[in-house]
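Please consult the sequence and the model shown here.

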Amino acid sequence: MQQTARKNSGEKVTKRTFVLAAVMLAMFMNAIEGTIVSTAMPAIVGDLGGFSLYSWVFSSYLLMNAVTVLIYGKLSDLFGRKPILLIGIIIFLIGSVLCGFADSMHELILFRFIQGFGAGAIAPVASTIIGDIYVKQERAKVQGYLSSVWGISAVLGPALGGILVESVTWRLIFWINIPLGILSMCLLWFFLHEKVEKKKAVIDYSGAVLLTVSISSFMIILVQGGVEWQWTSAPIISLIILGVSAFSCFIWQEGRTPEPMMPFEIWRERSILIANIVSLATGIMLIGFSSFLPTYVQGVMERSPTVAGFTLTAMSIGWPIASTLAGSLLMKIGFKATSLLGGGSLIFGSLLLAFMPAGAGPLYAATGSFFVGVGMGFTSTSFIVMIQSTVSWERRGIATASNMFMRNLGNTIGAAFLGGVMNSSFQSYLNQHAGSEEPLSIDAANQLLDREERMLLPNETVQLLQEGLSAALHNVYLIVLLFAALSMVFLLFIPRGSKQTDLKKKAVYKLDDK
């Protein structure tokens, strides 16, 4: 194997095995955060209250993740991957510690902003490091390893989350990140050595602010519209105007700045354009499954957090299997065919969950979750390898980040949009079935998700809440199915044979030349 620095030059040599371990640890820490928090959320709501703020725990984290991912990608192209990834991990760990000390839902949401600010560096920069230290013909296999980390973390995350919630406290789900993050930083510090050309830092801060304002405005609209504020109310209309104006200014800003945080010229490559659009859709789908499936299993099926975690574990089992297979399939059948396999699996899994019978048990839910994981494994691995094979080293960081950004943006939109759908559908159902009594608030679900509190509720109230929650989540999964179908349509337009021949060409490490 080639080394990233020449031994006879006297320079420190990057040890790829240890760097790969560090990258996988960092991505594992980031990935497990999503599944373990999803599993623990019903218990967190039962302890802190604030069911109406449920989706904000995810949205706050995903918002900062989505906005900063592009900035970190650009900074890594300017200053190197190592310092940017280390800074991101440190901020992420600070946020994790604070989340564990939260005493209210509002505090937890604030600390999740901090956590997300650091998390934005982890996935794109870690994936870019792999693109730097491995040649093209090796990347498909290694990116399969990275993609499988998301699956493996999701195998452990739900189970570990359920055990910690039931046996100790939900606060530990945030603190387990500390040893993982410290170990990853140590490996990066001692074994990753870069030679980066000094460049004048030109950061598109205006673009970052405009994008943050735009996404935040639309998130608030999606979460609060129809629940706290009427769709035609002054706050909603004002936010729509603000969001549209900020996004329009963002597009204008990106076209005029010399170093845009989102270089739209890379989107002119059709394979990258389609990969990014589909990543947006799959991001919406992923947050729909991981955020709300545990709520259904615990609130409607009345199963334990551990059982709820099992349904998400099934997704994680499918993900690494498909990621590993994708590494070899890309060489044999190409990006398009591999991606289409993933698209078909996403549709099948979504169909199972969207039409899940009322009396279905956790095993049925886990089956649908498994096929969604298979779809995510095939598509995510295909997209990263395809994008990194299309651009040069100087664009690889931002190109990888653009794809991560689109998936994170999908997560952010999905958490807000699907959370809004759930809240409004749930409240509408409770209003329609209130009879002559005062209609229940959706925050009554706080008691439904706490086993001891649920035991104190009248049977009629429990049944009403469960039926309302089931109907609301059914609407959520119908929308997820729609996005799965749209993804499949876009995948059909990936150019046949797009860039997969590049994987077989001889390549040199760019780090040797830097």
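K82 lies over the face of W189, 5.2 Å from the ring centre; such a placement requires NZ of Lys or CZ of Arg within 6 Å of the ring centre and within 35 degrees of the ring normal. The charged end of R112 is likewise placed over a ring, that of Y61, at 4.4 Å from its centre. The model is predicted: local features need pLDDT of at least 70, side-chain atom pairs count only at pLDDT 80 or more, and totals for chains, interfaces and linings use all residues. Residues are numbered from 1 along each chain as its sequence is written, and side-chain values use heavy atoms, leaving out hydrogens and water.

The structure holds 7 aromatic pairs, where rings of Phe, Tyr and Trp (its six-membered ring) pair if their centres lie within 6.5 Å; planes under 30 degrees apart count as stacked, over 60 as edge-to-face and the rest as tilted. Two of the pairs are tabulated below.

| Pair | Centre to centre | Angle between planes | Class |
|---|---|---|---|
| F18 and F191 | 4.3 Å | 15 degrees | stacked |
| F101 and W175 | 5.1 Å | 55 degrees | tilted |

F18 belongs to helix α1 (residues 16-48) and F191 to helix α7 (residues 177-191), so their pair ties together parts 173 residues apart in sequence; helices are DSSP runs of H or I, at least four residues, numbered from the N terminus. Ring pairs also link F348, F370 and F371 into a cluster.

F101 is exposed at 53% relative accessibility, whereas W175 is partly exposed at 26% (buried is under 20% relative accessible area, exposed over 50%, partly exposed in between; 1.4 Å probe, protein chains only).

The whole structure contains 0 disulfides, a disulfide being a pair of cysteine sulfur atoms within 2.5 Å.

Note on methods:
Helix = DSSP H or I, 4+ residues; strand = E, 2+ residues; numbered from the N terminus.
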